[in-house]
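Please look over the sequence and structure before reading on.

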Amino acid sequence: MSVHKVVIIGSGPAGYTAGIYTARANLEPVLVASSVDPGGELTKTTDVENFPGFPKGIMGPDLMEEMREQAEKFGTRVVYDDVTALDLDGDVKTVTLGDGTVLEANAVIFATGSAYRKLGLPGEDKLSGHGVSWCATCDGFFFREQVIAVVGGGDSAMEEATFLTKFADKVYLIHRSDRFRASKVMLERARRDPKIEFVTNAEVVEINGEGAVESLTLRDTVTGELSQLPVTGLFIAIGADPRTHLVHGKLELTPAGTIAVEGRSSRTSLPGVFAAGDVVDPTYRQAVTAAASGTVAAIDVEHYLAALEPAR
């Protein structure tokens, strides 16, 4: 079995960008994309208007397809399977796939991204990209002069609601309690905004609409009473979870649950293991920052492998 120079786990903007850079450095990368969900979260979005180089916008799935094609053009080998096990100790790392294939590599880039937490409602996936969103920065522009809602009670919900007032005529902020996890500063800023109306002790139990969001069914968490709230958009801001289950107990994690890296580098707690994208970023979580992070990881890997050369 030959040992690969680098194996990249993950096929979002970070993974594909790392593939482009490592391939152009003649590192012959193998990129393991999901067998079910290659391309990551961007494949679930519609128009992407804030990725540089696309002034007319581009569909999320199309952007990921362009990235994949570019990575393959330079020699990245994309494998559509899922990683089931990792051994990251020692000079040679092993990556086991669902079909039983074992890949050996001198370096591994972990770029598995994060997953937005969902409400778990039937209409949530059906209306994703058609009024349901998890990213105000990505999609807020499409809700100009509309009445929309944000669900959540932390800083991210306050930030999303405040940001959305730049576009929407009215923003309802829905929370299941009358107590908030958000910091006092963020909460007060949202309360002072005349476009934001707080709907407390309420939970969304149904997202209504056929081709697009038309209203929400709310349940009063105190009385159980149901009510209808007419809106054309719902932003879900109840957090996101970095996909780190494969490295629990193997790599050092931050208090936020992301993989810990050294400063602005992609170097993790184990030599030869690098991480990039949303899996290291609890704050920005944008396609462009993930892509930039993939670049950092690729360059770090190139330097790491170059330093090993004299020993071989």
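Helices (H or I, at least four residues) and strands (E, at least two) are DSSP runs, numbered from the N terminus. This is a predicted model in which local features need pLDDT of at least 70 and side-chain atom pairs count only at pLDDT 80 or more, while totals for chains, interfaces and linings use all residues. Residues are numbered from 1 along each chain as its sequence is written, and side-chain values use heavy atoms, with hydrogens and water left out.

Q: Where does Thr 200 lie, and is Thr 200 buried, exposed or partly exposed?
A: Thr 200 sits in the loop between S13 and S14. Buried means under 20% relative accessible area, exposed over 50%, and partly exposed in between (1.4 Å probe, protein chains only). The relative accessible area of Thr 200 is 31%, so Thr 200 is partly exposed.

Q: Which residues does Thr 200 touch, leaving out those up to four places away in sequence?
A: Contact means heavy atoms within 4.5 Å. Beyond residues up to four places away in sequence, Thr 200 touches His 175, Ser 177, Asp 178 and Phe 180.

Q: How far apart in space are Thr 200 and Ile 58, C-alpha to C-alpha?
A: In sequence, 142 residues separate Thr 200 and Ile 58. In space, C-alpha to C-alpha, the two are apart by 37 Å.

Q: Which element has the lowest mean pLDDT in the protein chain, and which the highest?
A: pLDDT is the predictor's confidence in each residue, from 0 to 100. The chain has a mean of 92, and 98% of its residues reach 70 or more. Among the elements, the lowest mean is 75, for strand S3 (residues 47-48), and the highest is 98, for strand S19 (residues 273-275).

Q: In the contact of H1 with H7, how many residues are nonpolar, polar and charged?
A: Residues of H1, including Pro 13 and Tyr 21, meet residues of H7, including Ala 287 and Gly 294. Ala, Val, Leu, Ile, Met, Phe, Trp, Tyr, Cys and Pro count as nonpolar, Asp, Glu, Lys and Arg as charged, and the others, Gly among them, as polar. By class, the contact has eight nonpolar, four polar and no charged residues.

Q: What is the phi of Glu 145, and is Glu 145 buried or exposed?
A: Most residues other than glycine have a negative phi. Glu 145 is not a glycine, yet its phi is positive, about 60°. Glu 145 lies in the loop between helix H4 (136-139) and strand S11 (147-151). With a relative accessible area of 65%, Glu 145 is exposed.
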